[in-house]
Amino acid sequence: MQPLIRRRQHSVALSAVVFRRLAIVFTSIVLPVAAHAVGTNAGLEIRNSAQASFSVSGIAQTPVNSNSTQTFVDELIDVVVVSTNAGPVGVSSPDVGAVLEFTVTNTGNGVETFQLIANVAVGGDDFNPALTQLYLETNSVPGLQIGASGDTPYLSPGNDPLLAEDESIQVYALSSIPAGLTQNNEGALQLRAVSTTIIAGSGTADPSAPGFPAPGTSYAGAGDPDEAGTGNVIAVVGATQDVNNLLISAEGRYVVSSAVVALTKTASNVVDPFGGATLVPGAVITYTLEVEVSGTGTAEALAITDLIPAELEYLAGTLAVSALPAGEEVDDDFAPVGIDNTGFDAGTQTVTVSLSDVVGGAPVITITFDAAIR
Amino acid sequence: MTLSIKDKLMRSLSRGAGAVRLFVLFSGLVLSAHATAEVTLENSVQKVETFVNESGETERRLLDADSVVPGDELRYTIQFTNNGSDVVDANSVVITNPIPENTEYLNDTAFGSGTVIVYSLDGEAFAAAEALTVMDQGVEVSASAKEYRAIRWVFQPELKPGESSHVSFNVRLK
């Protein structure tokens with residue numbers, strides 16, 4: 001009835017007896033699912049009081065108030081980790097600097113610190129990536145940047161992320177990939193977030209350890225401070241730490257993938273000066289190059305060059321490309337280097353098309369140009 | 001009753017720990033003791049927990065509200081007692097309880113033997129549940145229990161000296 005008093009006893013007597021009793025009470029309870037990401041903040045006081053009016057012999061009496069019940073909201077410890085890559089991240093074998101992205105969200109109702117643990121020995125894959133370093137997104141630039149103004153290397157426990165209720169942090173796992181792997185080999189990396197309250201209370205950050213708490217386990221005085229400033233509320237292990245612990249960790253995957261570039265060149269549409277299709281001097285030939293990238297990887301910095309033989313003359317203004325990256329132009333000035341690398345270079349008699357990065361499975365890119373027989 | 005609380009306070013004071021909070025509680029009771037009321041109200045809270053028993057059936061039970069977290073269901077019980085020597089009139093005991101902040105009323109949980117129960121969306125106008133409506137995109141619809149801001153019980157019988165009864169309602173902590 002007066003939770004205040006009992007609660008006070010709990011937090012003062014942080015005894016093993018209290019602990020054990022609470023543990024027993026909770027073992028068979030079906031806890032409400034923590035579907036509500038954030039509920040009433042931990043430490044808030046819920047007050048209730050009633051009022052009554054009444055009359056005696058028809059005469060209204062002074063209304064009376066009840067006592068006020070006061071209940072502090074305990075801290076529910078919940079965390080959700082998700083992999084934020086769209087799918088397996090393509091890598092080479094060997095490779096370095098392969099990055100997986102995760103988001104860690106505090107779905108509890110209090111301010112909580114989480115330890116992050118990466119595990120590369122995950123079953124159901126073909127190889128183990130070698131974790132180089134975890135990074136915390138701290139420079140407000142999307143993606144992982146390493147260096148002076150880059151993101152912060154995660155070094156537990158020094159910078160274990162402290163997250164307010166419903167706050168998220170982006171975490172990057174930078175790995176190297178072993179040599180000798182074959183196409184489509186997959187390697188998984190699992191990131192787990194464990195509340196430091198749970199680690200302190202149970203002595204383990206490993207959900208498979210016998211001491212790892214079940215939902216409903218409570219730690220007296222380990223929650224956020226209460227609103228009245230009289231102490232800290234109880235911390236209660238939430239449903240995300242259920243028997244499967246599926247929510248507190250997430251798996252990202254690397255996949256070994258190379259991109260295969262197929263180039264097909266055809267000569268077509270010969271028009272001779274006499275209206276026929278005879279290969280005589282002055283006849284114009286339209287060349288078509290089809291570029292197809294297959295595989296699960298990306299052809300990086302893909303550039304197509306075609307040397308025009310001495311017997312042919314490139315016809316100015318005829319170069320056309322079905323899909324050109326931004327910054328490239330199908331003009332005849334193959335300059336300046338580094339800005340526009342597409343065009344005809346008279347100096348080297350070369351048609352060059354810079355396609356930048358082309359992902360496997362992208363639509364076939366068609367390049368056409370005309371040349372006349374000298 | 002005041003004496004027994006005083007006793008508790010003294011005992012607690014001798015333990016030292018709970019003094020500050022107990023004092024707050026105590027001063028509240030002093031106020032009601034100064035009033036000339038013959039009816040006293042005693043408000044208490046418990047946690048309603050759903051659990052699976054040994055036979056695998058889902059059961060509900062009441063626990064101390066020592067540890068409450070968002071999503072928990074709480075039951076508030078208000079016991080009212082005629083501590084005076086006069087009979088309190090029939091249909092005159094009207095108990096009003098605002099829904100506590102950060103909680104939402106759970107439909108059909110208000111209870112009170114011998115009472116007529118009405119609800120309010122604003123804490124001022126009370127009506128039967130069926131009569132409470134809100135406008136939803138220009139259409140008048142029944143108000144959801146979550147929107148109730150207060151509950152009122154009208155106790156129909158007389159309350160004779162020494163007699164006591166209680167009303168209760170459940171909320172979910174948001």
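Predicted model: local features only at pLDDT ≥ 70, side-chain atom pairs only at ≥ 80, totals over all residues.
Colleague: In what order do the elements of chain B run from the N terminus on?
Modeller: Residues are numbered from 1 along each chain as its sequence is written, with chains lettered from A and ligands numbered from 1 in the order in which they are written. Chain B has two helices and 12 strands, where helices (H or I, at least four residues) and strands (E, at least two) are DSSP runs numbered from the N terminus. From the N terminus on, the elements of chain B run α-α-β-β-β-β-β-β-β-β-β-β-β-β.

Colleague: What percentage of the residues in chain B are buried?
Modeller: A residue counts as buried under 20% relative accessible area, as exposed over 50% and as partly exposed in between, with a 1.4 Å probe and protein chains only. Of the 174 residues in chain B, the buried share is 44%.

Colleague: Among contacts in chain B between residues at least 6 apart in sequence, what percentage join residues at least 24 apart?
Modeller: A contact here means heavy atoms within 4.5 Å. Among the contacts of chain B that link residues at least 6 apart in sequence, the share joining residues at least 24 apart is 73%.

Colleague: How are the ring planes of B:Trp153 and B:Phe169 classed: stacked, edge-to-face or tilted?
Modeller: Nine aromatic pairs are found over all chains, a pair being rings of Phe, Tyr or Trp (its six-membered ring) with centres within 6.5 Å, counted as stacked with planes under 30 degrees apart, edge-to-face over 60 and tilted for the rest. B:Trp153 lies in strand 11 (residues 150-155) of chain B and B:Phe169 in strand 12 (residues 164-173) of chain B, so the pair ties together parts that are 16 residues apart in sequence. Both B:Trp153 and B:Phe169 are buried. Because their ring centres are 5.9 Å apart and their planes are at 45 degrees, the pair is tilted.

Colleague: Over the ring of which residue does the charged end of B:Arg61 sit?
Modeller: A charge sits over a ring if NZ of Lys or CZ of Arg is within 6 Å of the ring centre and within 35 degrees of the ring normal. B:Arg152 lies over the face of B:Phe126, at 3.9 Å from the ring centre. For B:Arg61, the charged end is 3.8 Å from the centre of the ring of B:Phe51.

Colleague: Is B:Gln137 buried or exposed?
Modeller: Most residues other than glycine have a negative phi, and most peptide bonds are trans. B:Gln137, although not a glycine, has a positive phi of about 50 degrees, and its place is in the loop between strand 9 (133-136) and strand 10 (139-142) of chain B. With a relative accessibility of 78%, B:Gln137 counts as exposed.

Notes
Heavy atoms only, no water.
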